[in-house]
Amino acid sequence: MAAGIPGSERTRLATAGARAATVDSLKHQPRGDVWKGNVFFAILLFGLTIALVGLAAIIIQAAVKGAPAFGWNLLTNGPSTLNPDEAGFRPALVGTLYLILGVIFLVVPLGIGAALYLEEYADGTRWWNRMIELNVQNLAGVPSIIYGILGLAFIVRGPLDLGFILVAGSLTLALLVLPTVILASREAIRAVPPSIREGSLALGATQWQTIRRQVLPAAIPGVVTGVILAISRAIGETAPLLLVGAATFVTFNPTFIGDNGYSALPVLIFNYAARPQDEFRVLASAGVILMLIVLLTMNSFAVWLRNRYEQQW
Amino acid sequence: MFRSKPKFLATLALTGVMALGIAACGGDDSSSDGSSSGGESFSGNIRIDGSSTVAPLTEAIAEGFQAENPDVKVTVGTSGTGGGFEKFCVGETDANDASDAIDEEQTAMCKENGVEWEEIQVANDALSVVVNPENPVQCVTTEQLSSIWETGSKISNWDQIKGLDPAFESELTLFGPGTDSGTFSYFTEAVNGEEGNQRTDYNNAGEDDNQTVTGVTGAPGGMGYFGFSFLQENEGKIKGLEIDNGDGCVAPSVETVQDGTYVPLARALFIYPSADALARPEFDAFMEYYLANVNDVAEQVGFIGLTDKQLTDNDAKLKKLISEAGN
Amino acid sequence: MIGAFGQRGPARPVPSLEAPSPRYGEKLIRAILAMCALLSVVTTTAIVVSLLIPTIEFFGKVGIGDFLFGTNWAPTFQPAAFGVLPIVVGTFSTALWGMLFAVPIGLASAIWLSEYASPRQRKVIKPVLEVLAGIPTVAIGIFGLVFLSPMIEDVLPFMVNVPPFSAGVAGLAIGLMIVPIIASISDDSMRAVPAGLREAAYGLGATRMKVATRVVFPAAISGIVASLVLAGSRAVGETMVVLLVAGASPNLTFDPGSSVLTMTAFIGQTATGDISTGSITYDTIFAVGTLLFVITLILNMFAIRMVRKYREVYE
């Protein structure tokens with residue numbers, strides 16, 4: 001048959017045939033693969049759904065249980081053992097607020113300072129610098145209750161001997177989140193391209209001038225994200241505060257500096273959850289929703305920051 | 001423009017935070033309750049710590065007191081009776097809530113540090129033994145309780161308890177409070193003769209006595225113990241047992257505790273004010289307010305009020321300490 | 001005059017590249033920043049010291065062998081027993097159940113996020129998962145106690161032998177909490193695999209599933225393993241969830257249905273309870289704390305090692 005077809009036509013047929021075969025083999029995956037691929041995708045989606053459903057369940061359950069207690073009372077009233085239906089979380093909110101302010105004041109300079117040293121100044125081959133790095137990475141994984149022990153032994157009693165005051169709580173929480181801030185800041189500083197630094201140095205700036213005017217401003221958004229995420233963690237931490245003495249019953253607004261007691265949101269929630277009267281457990285759930293709102297706001301702010309200021313170098 | 005944006009945002013955030021702070025400070029009106037007691041208003045700080053059992057009572061009193069005296073700041077901590085005494089006996093707190101009387105070591109520590117105190121009873125409590133509502137047993141003797149709960153006890157089924165009436169057969173599941181609580185100390189001492197003497201294979205409810213309720217409700221042969229407030233709040237879900245200490249079966253109730261027939265599980269709850277603190281007018285006023293209002297509040301919080309005799313005793317003790325403090 | 005490069009003209013002094021002044025300000029700043037960094041070392045030292053002294057006192061009264069290998073944990077009872085194994089097993093039991101739940105869910109989410117999700121889906125879902133990470137542990141504990149425990153009791157009764165406490169349910173709650181750690185870090189790891197590798201695989205006719213499981217996943221393995229170890233470390237160190245959900249009975253068992261006591265719950269309970277300082281029970285807190293610190297230290301070092309060893313350098 002081939003003999004009767006001219007040469008060019010033969011080539012055309014052959015290439016057309018080859019093309020068709022290739023296209024065919026690429027288009028149609030073996031049936032087994034299609035089936036497997038779909039099952040795999042379904043499994044992935046299933047896993048993801050469980051995580052999302054879990055999240056939804058936590059929020060919805062707390063909202064439903066805490067609904068009876070919703071109202072402005074929650075924000076304006078103090079805790080009440082006599083009238084749980086009118087009770088609120090005001091002093092605990094203020095306490096948490098002050099605690100976090102204290103943490104921010106401590107953690108931002110110290111965290112950025114340590115990150116700058118490790119990224120800009122330290123010689124990575126020296127053993128002491130490697131030890132510092134190792135320390136920071138280890139501390140980030142130490143359980144929060146150990147920080148509570150540390151606070152109890154060193155800050156509340158021991159050398160600092162501050163007593164069970166708000167500043168002690170702030171210090172303890174600051175130590176807890178500092179490693180996270182340092183790690184996040186390092187990433188942010190590392191992301192600034194070396195060319196920026198080199199250009200600045202080449203123009204005659206000193207190292208500190210370079211950092212202050214070029215590197216830091218560029219790294220600030222990443223640093224702020226790290227700080228906000230660390231703060232989110234600090235707000236929710238109960239265990240170290242329990243040890244460092246956040247008293248649960250405080251009807252007045254605690255002061256930042258002062259030797260009267262203080263309270264914090266998660267500690268109060270924990271206390272309410274363990275009381276016999278059901279109204280308190282309702283309050284506990286309402287408190288959980290309150291905390292979630294605060295956290296959600298901060299997280300959204302962090303995400304917005306990250307998206308807005310993400311630099312493409 | 002880029003350099004000023006983060007600064008702008010930081011300022012915005014700071015302003016927001018300050019606004020929140022001001023709003024929080026502005027809304028400083030705790031709900032007013034309780035009886036008014038004349039014109040004078042005090043100011044100062046009062047620090048109380050101690051038992052987490054007594055704390056709700058002190059908190060309720062503090063609330064009422066602060067409603068009348070908004071310039072007094074009262075904090076009530078819950079480090080536990082023992083932990084509270086540690087702070088009290090070195091002068092860190094003005095008073096200690098206690099679910100158990102002060103012991104020798106603590107007395108010595110207070111003496112060493114020059115802290116003079118007086119033991120003021122503020123309420124009564126009935127440690128209640130509870131079982132599942134389906135359990136037909138109504139009454140247990142203290143010997144039976146001891147045989148069930150003491151160290152090394154091997155009883156694992158209700159039908160192994162001697163002399164039980166009516167006979168009951170079901171797997172015995174025990175629930176109890178954490179071993180660091182005053183309830184545990186009191187129960188073990190009262191029933192087994194020694195603090196801390198208890199079998200270890202029970203279900204420890206940890207921080208939350210509500211879980212004893214859940215446990216006993218869920219197990220037909222369940223048995224647990226906790227303070228009176230938990231029994232009251234959960235009527236129907238659990239059943240309180242009557243205790244026979246040799247004089248017949250007595251159920252836990254306000255009356256039986258006050259007339260002294262609910263033994264050995266009736267306990268007294270105390271507050272230990274210090275003489276130094278009483279020298280301060282605001283704390284003096286606080287303690288007087290406490291004794292004047294404690295019976296009104298006790299039942300609301302789940303405790304059993306004081307008898308008249310206990311009240312007069314208290315008054316005398318308080319006066320004695322105040323006069324000593326004046327010296 | 002002919003200069004070094006053949007220039008003509010009078011000689012000019014060669015400019016020095018040294019700074020004109022000793023720049024003390026720079027040195028001062030460097031010192032200050034170094035102090036900030038040293039704070040981390042100070043913290044670790046402080047932790048070790050605060051734990052070690054009472055621990056040494058403790059071992060003066062209780063033998064190390066008894067402590068590490070004993071199986072009866074009853075420090076507050078009469079007679080007291082200090083065998084730590086039950087609470088160590090308790091810790092690992094809850095962590096194990098947590099990881100059993102979190103690893104498949106977390107990895108599934110990560111693979112979906114990295115290989116299957118569209119950019120818009122990613123932009124929404126990834127932050128949502130991070131919200132899960134931000135939920136306070138006390139909220140998760142309350143959720144576990146009030147919702148999960150009764151629900152599991154109805155559906156899988158073997159998981160809750162003696163309601164309401166159960167190591168399995170506590171593990172489940174912890175698992176939910178650590179899913180974002182695994183998902184987020186694994187996702188970042190997988191995204192870091194260069195597109196070139198994927199494209200080459202697709203070009204050779206591989207399916208999406210094959211690319212995800214045979215190409216990207218192995219390439220990102222160091223980050224994924226690091227995320228698993230970090231999550232495990234977090235699970236081991238969790239306090240509030242176990243305080244509320246796992247109960248406080250030191251049973252030496254991996255059975256998810258029974259109640260267990262973890263090291264963290266023991267510390268949390270005892271330190272806030274009725275114990276006097278200076279007593280042996282008080283010292284027990286520190287001994288357990290030291291053990292916990294050492295365990296998490298080993299886990300963390302392992303994670304750091306894994307990342308360093310397998311970090312592939314892509315150009």
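In this predicted model, 70 residues of chain A are in contact with 66 residues of chain C.

**Chain A against chain C**
- By class, the side of chain A that touches chain C has 49 nonpolar, 18 polar and 3 charged residues.

**Domains of chain A**
- Chain A is split into domain 1, residues 20–68, and domain 2, residues 71–309.
- Between the C-alpha centres of domain 1 and domain 2 of chain A there are 36 Å.
- The contact between these domains of chain A involves 6 residues of domain 1 and 6 residues of domain 2.
- On the domain 1 side of chain A, the residues touching domain 2 are 4 nonpolar, 1 polar and 1 charged.

**Overall form of chain C**
- Chain C contains 12 helices and 2 strands.
- In sequence order, the elements of chain C read α-α-β-β-α-α-α-α-α-α-α-α-α-α.
- Chain C is more spread out than a compact globule, because its radius of gyration is 27 Å, well over the 20 Å that the globule rule gives for 315 residues.
- Along the principal axes, the C-alpha atoms of chain C fill a box of roughly 100 × 60 × 30 Å.
- Buried residues make up 53% of the 315 residues of chain C.
- Among contacts in chain C with a separation of 6 or more, 72% are between residues 24 or more positions apart.

**The sheet in chain B**
- Chain B has an open sheet of 5 strands in the order E8-E7-E9-E5-E10, and the pairing is mixed.
- Strands E8 (203–204) and E10 of chain B are at the edges; each has a single partner strand, so one side of each is left without a neighbour in the sheet.
- Strand E5 of chain B, residues 128–131, pairs in the antiparallel sense with strand E9, residues 222–226, over 4 bridges.
- The partner of Val131(B) in E9(B) is Met223(B).
- In a regular strand the side chains alternate between the two faces of the sheet.
- Both faces of strand E5 of chain B are covered, with Ser128(B) and Val130(B) buried on one side, and Val129(B) and Val131(B) buried on the other.
- Helix H7 of chain B, residues 210–218, lies across E5, E7 (173–176), E8 and E9 of chain B, and runs at about 160° to E9(B).

**Ile304 of chain B**
- Ile304(B) is in the loop between helix H11 (281–301) and helix H12 (308–326) of chain B.
- Ile304(B) counts as buried because 25 other C-beta atoms lie within 10 Å, where the cut-off is 20 or more.
- Leaving aside neighbours within four places in sequence, the contacts of Ile304(B) include Ala123(B), Asn124(B), Asp125(B) and Ala126(B), along with Val254(B), Val257(B), Gln258(B) and Ala298(B).
- Phe228(B) is another contact of Ile304(B); the two are 76 residues apart in sequence, and 8.3 Å apart in space from C-alpha to C-alpha.

Definitions and conventions. Residues are numbered from 1 along each chain as its sequence is written. Chains are lettered from A and ligands numbered from 1 in the order in which they are written. This is a predicted model: local features need pLDDT of at least 70, side-chain atom pairs count only at pLDDT 80 or more; totals for chains, interfaces and linings use all residues. A residue is buried if 20 or more other C-beta atoms lie within 10 Å of its own, exposed if 12 or fewer, and partly exposed in between; C-beta atoms are placed from the backbone. Two residues are in contact if their C-beta atoms, placed from the backbone, lie within 7 Å. Domain bounds come from an automatic or database domain assignment. Ala, Val, Leu, Ile, Met, Phe, Trp, Tyr, Cys and Pro count as nonpolar, Asp, Glu, Lys and Arg as charged, and the others, Gly among them, as polar. Two strands pair if DSSP finds at least two bridges between them. The radius of gyration is taken over C-alpha atoms; the globule rule is 2.2 Å times the number of residues to the power 0.38. Axes are lines fitted to C-alpha atoms, for helices over the stretch in contact, and angles run from 0 to 180 degrees between N-to-C directions.
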